[in-house]
Each structure stands twice: as structure tokens, then as C-alpha cells.
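Open the model in your viewer and keep the selection tool at hand.

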Amino acid sequence: MPSIDVCFSPELLHLYDLKGKAVVAVDVLRATSTMVTAFAEGASHIFPVMELEECRGFAERGCLTAAERNGIKAEGFDLGNSPFAYMNGNVAGRDIAITTTNGTRAIRLSEAAEEIVVGAFLNLQAVVNHLRELNLDVLVVCAGWKGQFNLEDTLFAGALVERLNDSFSYEHDSALAALYLYQTAKQDLVEFLRQSSHVRRLEHLEIHKDIEFCLRHDVYDVLPVWRHDRLV
Ligand code: 3SL
């Protein structure tokens, strides 16, 4: 039986051997939710990069460029990191280069894995179906916040563990902890996260509707997968 494990922060990735594993990279608020939305809206490819300058350079290749730092859209880029900014028919058929504070970092630091998929509550069941087919050991890589643990990515990990419960074993207690947390919170994730650091940060920036949207389950049947240098 394959195993499922949870890495609570990209800073802890050195503890894991990614070789032969499937990584689910998650940044529920908001990077991976936004990427899933972009693909659902018809984006062709997404190039997640770590640095602002590198991202800016993709404009020459005809890409839309998207950047967020500390919750705010970076100046001079086409898009920020709100899923709603990708819903105006503006991304259909386009390639997008994106850099965010934590989410794009979680993806790029997982490149040693056999496979990387991008997960969010919005595409939870699509992730579950894919992992069942793959039958590899799974590591959920939570983006966290600047190296710190966060609740929302851990809740996503718990939701994934719950849905895979019958056919995956737990390698470490992190998977169990995520599961127990999700089971405590799932009746009302918005309420459970009200005091969490990133919800407070976003609320302070007057970003409200993104939170409720990113916590919806199974809105999109899309699965962004890392291939060579991009998500397809
Ligand atoms: O940290 C990130 O990658 C972002 O998702 C953070 S924010 O939700 O855009 O503030």
C-alpha cells in the first residue's frame, strides 16, 4: 500500500526523499487555488517561478505575467494572485508566468519528485483520482508562510488524507495530525480559519471573497501537472 505524508513547510523538505514520490504542492490561500482557476478558465501553461525579475522576463515570450508579494499584486505585472482576476476571459489560450510569496516556491522546491501536481480545495477530487491511479507514495508539500506552518494548507492535506484513507498508509504523524485537524474544522472552514494568520492578513488587505471561494471543495475538474519547466 502506498503511503501519504505531509511536509508542513518547504523549509522542512530536506527531511524528505522526493525521489519516486508524487508531490501535491498546495497553497490554498491563494496561489494554487488561483492556478487551478486559471486552468479552468482555459490557460494553456503556467510557469511558476521564484523571483520577480525572472517572471517579468517571460513577457518577452508572450506570456501574461502575474506576481504577488505579501498579499499584494506586484507593480508592473499583468495580474496578481486573486482567482477572480483570472475569470474575465483574459487567460483563455494564454501562457502565464507567476511568482508568489510562498506557493510558487513550494512547487519549484519539489522538482526532485517523480511527479508534482498542484492541489487546492477547488480541485480536491481531481487530485484524489489522479493519486489513486498513480499509486506512488505521496508527499503533500504545504507552502506555509515564509517557512512557518499554516492552518489552511494543513486542512487541505487533511482533506486529502480523509479521501485516500482506504488505500494509503500514513508514514508519519503529520498525516494523522492533518486528518484530525480537518475533521475538527470541516463543518465550517471559513469560521475555523477566522483567527488564522493569513486570513487575518488578507482581511487586513480587504481581500474577503477570495477566502470563501478558495475554501470551496470540488469546483473544478482540472489537474495542473508539472512537466519539465511548466504546469500543463
Ligand atoms: O504566499 C503565496 O504564495 C500567496 O498565495 C499569498 S497570497 O494569498 O497571495 O497573499
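Show the cartoon first: the chain has nine helices and 11 strands (DSSP runs, H or I of at least four residues for helices, E of at least two for strands, numbered from the N terminus). The radius of gyration, taken over C-alpha atoms, is 16 Å, close to the 17 Å that the globule rule gives for 232 residues, so the chain is as compact as a globular protein of that length. That rule is 2.2 Å times the number of residues to the power 0.38.

This is a predicted model: local features need pLDDT of at least 70, side-chain atom pairs count only at pLDDT 80 or more, and totals for chains, interfaces and linings use all residues. Residues are numbered from 1 along each chain as its sequence is written.

Next, select V24, V26, I96, V140 and V141. They have the most contacts inside the largest nonpolar core, which has 72 residues. Such a core is a set of buried Ala, Val, Leu, Ile, Met, Phe, Trp, Tyr and Cys residues joined through C-beta atoms within 7 Å. Buried means 20 or more other C-beta atoms within 10 Å of a residue's own, with C-beta atoms placed from the backbone. Helix 5 (residues 151–164) gives the most to this core, with seven residues.

Move to helix 4 (residues 124–134). L124, V127 and L131 are buried there. They lie on the same side of helix 4, because they cover an arc of only 60° around the axis (directions from the helix axis to the C-beta atoms). Just after helix 4, N135 takes a positive phi of about 65°.

Finish at the ligand. Residues around it include D27, R30, E68 and N102 (C-beta atom, placed from the backbone, within 6 Å).

Terms used:
Buried ≥ 20, exposed ≤ 12 C-beta atoms within 10 Å, placed from the backbone.
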